[in-house]
Amino acid sequence: MAYEYIFNMTKCWYAGACGKFKTDECNASCIRYMEMDFLMQNSGIPRNRQYSVPLTPSKKDVQAFLTLKDIKDDIVAFVENGESVYIYSDNFGNGKTTWAIKLMQKYFDDIWAGNGFRCRGIFIHVPTFLTKIKEGISRRDEDFETLKSRLMTVDLVIWDDIAATKLGDFDHANLLTYIDQRKLQQLSNIYTGNLPQEELQDALGNRLSSRVWNDSTPVRFVGADRRGVR
């Protein structure tokens, strides 16, 4: 997968916290910026979501936020232990994907030093991923093939919008292969979705839904759409 390093001071993840920001030492040779830029660009997190935004929970979701904060505060141990979390809600726009990205960003922030420019986390939008697998039957995409191979070994994967639609046999077999192998290798996963346990089972089938639900910490949001609320 092609990666091009471009230094942009105004887009630094540490602009508000680094004492060297906007000084002569704030330049393209900053290792911290280099590593974070590499990790973020290779993660596949959409560019417009690569920077943390504050989230304010509804009163109904305070406990869910506290649970995720506990995971975030000890995210390295969470990943090293091969743990997983399923963040779900009947509603849209209440912070599921934003929280998933926050967890991955915190992991990157904790492990960037000495990383040696290795890919450590990947963001997958599941419906798009499954579509690209089908397209690959007739048209090979080398970048996508690299992405698929990394899914088997990378520390942490976000499976965003899993079970957005009921899976057919082909989609089910492909998704199960990646998630099953990651679980067998004790690699961490973050799932986001809109289905509770019973509906998840109907959409994903018994085996895959068990991976997502039974092998994860389920965290449910019940609040309404919070987009624009900070």
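Let's start with Y33: at 3% relative accessibility this tyrosine counts as buried, where buried means under 20% relative accessible area, exposed over 50% and partly exposed in between, using a 1.4 Å probe and protein chains only. A word on the source: this is a predicted model, where local features need pLDDT of at least 70, side-chain atom pairs count only at pLDDT 80 or more, and totals for chains, interfaces and linings use all residues. Residues are numbered from 1 along each chain as its sequence is written, and side-chain values use heavy atoms, with hydrogens and water left out.

Now, who is the ring partner of Y33? W13 and Y33 form a tilted aromatic pair, 5.6 Å centre to centre with 45 degrees between the planes. The rule is that rings of Phe, Tyr and Trp (its six-membered ring) pair if their centres lie within 6.5 Å; planes under 30 degrees apart count as stacked, over 60 as edge-to-face, and the rest as tilted. W13 sits in the segment before α1 and Y33 in helix α1, 20 residues apart, so this pair links distant parts of the chain. Helices here are DSSP runs (H or I, at least four residues), strands are E runs of at least two, and both are numbered from the N terminus. W13 is buried as well, with a relative accessible area of 18%. Both rings belong to one aromatic cluster made of Y5, F7, W13, Y33 and Y51.

The count over the structure comes to 14 aromatic pairs. Take Y3 and F38: their ring centres are 5.2 Å apart and their planes stand at 80 degrees, so the pair is edge-to-face. Again distant parts of the chain are linked, with Y3 in the segment before α1 and F38 in helix α1, 35 residues apart. Y3 is partly exposed at 30% relative accessibility, whereas F38 is buried at 12%.

On to the cysteines. How many disulfides does a search of the whole structure find? The answer is 0, with a disulfide taken as a pair of cysteine sulfur atoms within 2.5 Å. For C12, the nearest cysteine sulfur is that of C26, 6.2 Å away. For C30, the nearest is that of C12, at 6.3 Å. C12 counts as buried at 15% relative accessibility, and C30 as partly exposed at 29%.

On a 1 Å grid over the protein atoms alone, a cavity is a set of points where a 1.4 Å probe fits but cannot get out; a pocket is an open set with protein on both sides within 12 Å along at least five of seven lines, and lining residues have an atom within 4 Å of a point. Grid points are joined across faces, edges and corners, and a volume is the space filled by probe spheres set on the points.

The second largest pocket has a volume of about 360 Å³. Of its 16 lining residues, E4, D37, Q41, R47 and Q50 are closest to the centre. Helix α1, residues 31-43, gives the largest share of that lining, 4 residues.

There is 1 cavity of 30 Å³ or more, and the largest cavity has a volume of about 50 Å³. Which residues line the largest cavity? They are K132, E135, G136, R139, D141, F144 and E145. Helices α5 (126-135) and α6 (142-151) each supply at least two residues of this lining.
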